[in-house]
Every structure is written in C-alpha cells, then in structure tokens.
2 protein chains.
Amino acid sequence: MNAAPPFCFGLTATDGAARTGEILTAHGLVHTPAFMPVGTQAAVKGVHHDDVRASGAEIMLGNTYHLMLRPGAERIAALGGLHAFMRWPHPILTDSGGFQVMSLAPLCKISEEGVAFRSHLDGAMVELTPERAIEVQLLLGSDIAMQLDECVKLPAERGEIERAMKLSLRWAERCKRAFESAPAGRALFGIVQGGDDQALRAESARALVDLEFDGYAIGGLAVGETQSVMLDVVAATATALPAERPRYLMGVGTPADLLGAIARGVDMFDCVLPTRNGRHGLAFTRFGPINIKNAHHADDARPLDAESRCPAARDFSRAYLHHLFRSNEALGGTLLSTINLYYYQELIAGARAAIAADRFADYVSATKEEWQAHRDQDVEGR
Amino acid sequence: MNAAPPFCFGLTATDGAARTGEILTAHGLVHTPAFMPVGTQAAVKGVHHDDVRASGAEIMLGNTYHLMLRPGAERIAALGGLHAFMRWPHPILTDSGGFQVMSLAPLCKISEEGVAFRSHLDGAMVELTPERAIEVQLLLGSDIAMQLDECVKLPAERGEIERAMKLSLRWAERCKRAFESAPAGRALFGIVQGGDDQALRAESARALVDLEFDGYAIGGLAVGETQSVMLDVVAATATALPAERPRYLMGVGTPADLLGAIARGVDMFDCVLPTRNGRHGLAFTRFGPINIKNAHHADDARPLDAESRCPAARDFSRAYLHHLFRSNEALGGTLLSTINLYYYQELIAGARAAIAADRFADYVSATKEEWQAHRDQDVEGR
C-alpha cells in the first residue's frame, strides 16, 4: 500500500477576506469554500450518494454520535471504515459527537473527564471522553476529525460561556494528544468556542492556534443568536485564525448565511437545511425559497429552474412536485432535497468563481437581487 | 402532428402455452411477458422514474382511482396528460379505478349505473360509471385503458360471483361504446371475471371476445384464493382467449406466481409487491427472498447479489442495507424497492429469453432450485 499523502490546504485566490483554496485528503481534493451535505446515519436523508456526488459535493459529513450508537464504530471499522461501509470513496469529515450528545441524549452529564449520557436507542449509559471521541473517529476512518467540545446555547451568561470554552480548550489538548497515533493523512480540527463574546472567542482561537491544529472550526453559532451577531463573531474569529489553515463554520446555514460567512473568510460549511427543508416542501432556488406545497403551484407547468444543473429542477413541473407533496409520495422529498443540494453547490461554486475573478461582492449583490425580485412576484403564494 | 401508429400486438415465439410478443403503442414498444411497476399516484413509491426505467421496465401502471381524486384527471389533461405530467414518455396502462373504489373508498355503492363512493381524501361523493372511467382514462392519455368491472373477494357464493361477472360484462359493453371516441393508437382491454368458477370464467371470456377488445385481462384473482386455484383459473381462462391478443393478469404477484402464469400463457403483469416489500425490508433476489432486517446481516460485507444488473444490489453491503433499515433511513426502502424492480425485470427477461429458446420449463426449474438452495442456507435468519 502506498503511503497516504499528507493532509494539506492551500489558498488559490483571495478577494477581500473571502478566499478560495484546496484541501487535499487521502480520499481526494476538496475545493473551498465547500459545502458538506450531512450524512447523519451514513446516508444523506432521502438522497442516494450518487445524486449527492452529482450535485457537486466533494466531501460529506458523518455524525459520530449516531454512528457510534448504531451500527457502532467498531462494526464500521470491521467492515472497512465509513468510506467503504457507505460506499462514499470521497473525503469525509466527522464531528466529535459532542454537539448531538448534548442536544439529543437524555440524562447527559458533562464533567472534566467528558460526557456521560444515555443512548436514545436502548437507554445504555455511554461515555464520550476526548480520547474516545478521537478513537471513534479513527475507527470510522474520517479524513477530518473534530475535537470534542462543549457548545452553549445562546443567549447565555458570560461565566457559563467562559467555563465551556475553557473546558473545550482542555479537551482540545487531550484530543490532540490522542490523535498522535492517527495514520498519516488524517487531519484534526480544533473548535473555537466563546459564544457571542469577542474576547472569549479571541482567547479560544489563540490557545487553539498554539496547539497547532490542521484546521479550525467556529463552533457554538447558529444556536439562537441573530444572523448579524453570528457574522460579527465569524468575522472577528476568522481574523484571529491563521490564513494558511482551513476555517469551518459548523452547522451553518441558509444560502444568505453562507455568502455572509464566505465574505468573512470561512472555507467550509455543513448544514441539514437543504435536506430537512426539502423533505418539508421548501425548495432553495436562484429565485429564492419556494414552498412547493402552496396551492398556486398545482397547475404550474413550469419547472423550478429551467437552467439548473439539477435534472429534477429542470425536468419536473412545479405542478408535479406539488402533487407529490400533497400525496405524501416520498419521491417529492427526495427530489426537493436533491434540488436543494444542487442549489447549495451551485451557489458555492459561483462564490468560488467570483472570488477567483475578484468580484465576490458583485456576485453576492446579484444573487440577493435575484432572490428578492422573484420573492416579490411569488409573495401571494406564501 | 403525425398520426399515432395503431395499437398492435404480435407473437414472436411460443413454448408450450408460454409465449413472447411485442406490444406496439404510440409511446413505444413493450416486450412480453412484461412486468408493469405500479405508479399509484403518478410515482412508483420511493423510486425515481429513471431507476424504474433503468430496471428494464417498458410500461408503467397508473391508478385511475388515485389520480382522478388527486390531482384530478382534468388537471392532468390540462398539464399535457399523464406521460407529460410525470415525465414518463414510455407506455402507460391505467386501471379503471373500480378495484380501488371497491377496496379503499368508504361508503361504496354499486348499481347498474356504476359505483358511487365517498372520496377518502375529502369525503365528497363521487360517481364512477363505465363512461366516466373511460373519460378519465382518455383524459390521462393512457396507452392502454381498462374497462370498469366489479371484482369479488374469494371465497364467494356462485350467485354473487355470477352477478358481478354479468354486471362487468354489461359495463364492458358500455366502456367499449364510450371508447369509440378515443384517438387512434389507444387500446382498451376487457376484463374476464367469474371468480374461481371455470364455467363463469369461460362465459365471461366468450362474451368479451365477442365484443372484440384490444386485449383481455384476467381480473378478480389474487384476492384470497390459493396459488394453485389461481393458476388453474388462469390456465382455463387463457385458453378461452384469442392467441393473437395480449393477456394481462391483474395485480399478480410473487416471482413464483409470474413464472406459473407465464407458463399458462399470460403476457402482462402488475403488482405492488416489489416496492411494498422493498419498503419493508424484504429483497427479492436470485437467491430467494431475503429479509434484510434480520440481525445476522449486520456484519455481512457481501452485496445482495454481486452479479445483479442493479447497482444497489451489487454495490452496497448487506450490512449497510441492514443499517439503513434499522436506522429508519428512507434510502433503505428506496434501494430495496429498486433492487426488487430490477429482480422482477431480470426474472421476466430471463423468461422471455427462455421461451424464445424453447427451454422455458428448464428456466423455471433452475430458477426455483436456486431460490431453494439459498433459502435453506439462509433459513436461520428468518
């Protein structure tokens, strides 16, 4: 077996704070800014991997919390790792499991040692320490692993935000140490915490940079704060991070969130919005969001977007998509999720091209104007 | 616009009572014996049309009952007909709606005039007469329309079976008359009724043949009787039908049912089993049925069938498919439904090839032996 190439990241263009780059992993190249579809339980909900790939996705996210509970990290390792298990031979990033333990598991208890929780599947007590979070991610074989961190819902007291940020830093150090046994080519990202407090964010970023991670995530956002608070924190945090490492804004967001964060120097995103909203009948398009369940689509023979790269957006009429949702046909959710994944990838590919051409601000304005123009036309149906 | 070619059917080979043929419709050719996936509400449940087509399906069935209630036959006509609405440019057969009115609708009342029922969607009273059943199917634009008939659950009294059969004959005549206005190239099939009574079946077949339909269906089977009773009725009915017209066994069945009916001269089938069972975790394969939810698949890295034409059957491990079902990921149902549709098409393509080579009996034996051999090996998991 050949040695895996080292994980590496290089910038290819900048335009203000916005930047394009390339992440090289053992499973291939990722162009940044990148949007990662979420394969929660080793599958993007309702969408075949082939369609995820065809949409333009170069990297997928897997959820450690779900996978460690079912089917189990050791089982996936025995079956050849997550890439082989789900047959996604392209790059995979896994989260640490911490965020979902703290938001989904009953009886979750956080201590210096780690997090203890009851599995929501069978009620068994499970411990997730920084060391176990790394072990699980190494078993899964992800290209990019995340440190275990504690994420605080906003608004929160400064003292509470600071405590969680400092605990996350101590866990970062333990994760870094545990990751020393990782095979070549694997990357570990630290996660900046600190809520909406700029000073705490700066302190967190500084301490993580001293530990030297392969990349840095901005965690603990999109947890209740406004978009403007979020983007202010993103802007300040991004400038506190080294230019030569990728920056990943976790769990964000809407198309507008992505454009705002790219403008502030973010390189990577993941979010369930395209698939979750797709399952519920909301399409993201060049023309802004379209709720296909609205009655006025019932007789509309036009496709969602005749110029989309997505076959489903071009080929099926709004009337047909509307019918599928009204009839509870699962194909409706599949088609709209696919349409949304394509739109996110088109949006971000457009951003990459615009940054490379030094006209990102124009791209953002033109994109938002098109959303707005059609939003006004379509407003009666909302 | 060019004139549509006339509907026509020609036999291409026979082997005993089994036969191969070709149905030419305005939307393309169908090789028989043919299996028609069921697109109940203008979609095959959980499976994209592209995958239905790729499985080898040349014709799809649409359910008049569902489509007339939602989105409505007039609406579909205004949107260009069912082919355009669902973007299935290949042949479509529609049922008359009668079977589902009688099995699904609350407060269904059958009279000489037709069937009156409450819509299960909004409680509105709806009338389905022979004339309206034809009108709806002409609005949908189906290539092959079915007469309205009354189907009796078995076992039933002879008097009741006879009454329904004779009513169905009178409706057949009214459908035939209503269909005289149909555009060129459209076909109308009569439906033989008569339950499990051979004399009534013969009488029904004779009367329908006198009316001269484009093809003949055998209805009212797979409604509670044993497979052997069903196949006896099929055999007797098929011989009472003209060799030069297609014969369609409605709503049947398992892979073994298909082979048994082909041996007795049936040309066309439809059934929800491949998709319904697929959604519930049962795969139809060369190796017999496999319940992928069984625990012993959890660590099985083998695909369902490495030699299948179906990518999902070749590419994904049993362990992964098992995981999708255990995790309630909709992709599991989609993949297994697709795998089953491919298997049905492979089975029936194998039957066509065997009939053409005059070795259909050998094909049936070999197929059943392979089911049985593996069934024994897999039995502990059942």
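User: Which element gives the largest share of the lining of the largest cavity?

Analyst: That is α14(B), with four residues. This is a predicted model, where local features need pLDDT of at least 70, side-chain atom pairs count only at pLDDT 80 or more, and totals for chains, interfaces and linings use all residues. Residues are numbered from 1 along each chain as its sequence is written, chains are lettered from A and ligands numbered from 1 in the order in which they are written, and side-chain values use heavy atoms, with hydrogens and water left out.

User: What counts as an element, and as a cavity?

Analyst: Helices (H or I, at least four residues) and strands (E, at least two) are DSSP runs, numbered from the N terminus. On a 1 Å grid over the protein atoms alone, a cavity is a set of points where a 1.4 Å probe fits but cannot get out. A pocket is an open set with protein on both sides within 12 Å along at least five of seven lines. Lining residues have an atom within 4 Å of a point.

User: What volume does the largest cavity have?

Analyst: About 80 Å³. A volume is the space filled by probe spheres set on the grid points, which are joined across faces, edges and corners. The structure holds seven cavities of 30 Å³ or more.

User: Which residues line the largest cavity?

Analyst: Among them are B:Phe284, B:Arg286, B:Cys310, B:Tyr342 and B:Glu346. Besides α14 of chain B, β16 (282-285) of that chain gives two or more residues to this lining. By class there are seven nonpolar, two polar and three charged residues. Here Ala, Val, Leu, Ile, Met, Phe, Trp, Tyr, Cys and Pro count as nonpolar, Asp, Glu, Lys and Arg as charged, and the others, Gly among them, as polar.

User: Switching topic. How many residues does each chain put into the contact?

Analyst: Chain A gives 31 residues and chain B gives 31 residues. Contact means heavy atoms within 4.5 Å.

User: What area is buried between them?

Analyst: About 2,800 Å², with 57% from carbon and sulfur atoms. Buried area is the accessible area (1.4 Å probe) that two parts lose on being put together, summed over both. On the chain B side, B:Tyr320, B:His323 and B:Glu329 supply 19% of the area buried against chain A, more than any other three residues.

User: How many salt bridges cross the interface?

Analyst: Four. The rule asks for a side-chain nitrogen of Lys or Arg within 4 Å of a carboxyl oxygen of Asp or Glu. One pairs B:Arg75 with A:Asp299, whose closest N and O atoms are 2.6 Å apart.

User: Which elements of chain B touch chain A?

Analyst: Those giving two or more residues are α4 (82-86), α13 (318-326) and α14 (330-356) of chain B. α13(B) gives the most, five residues.
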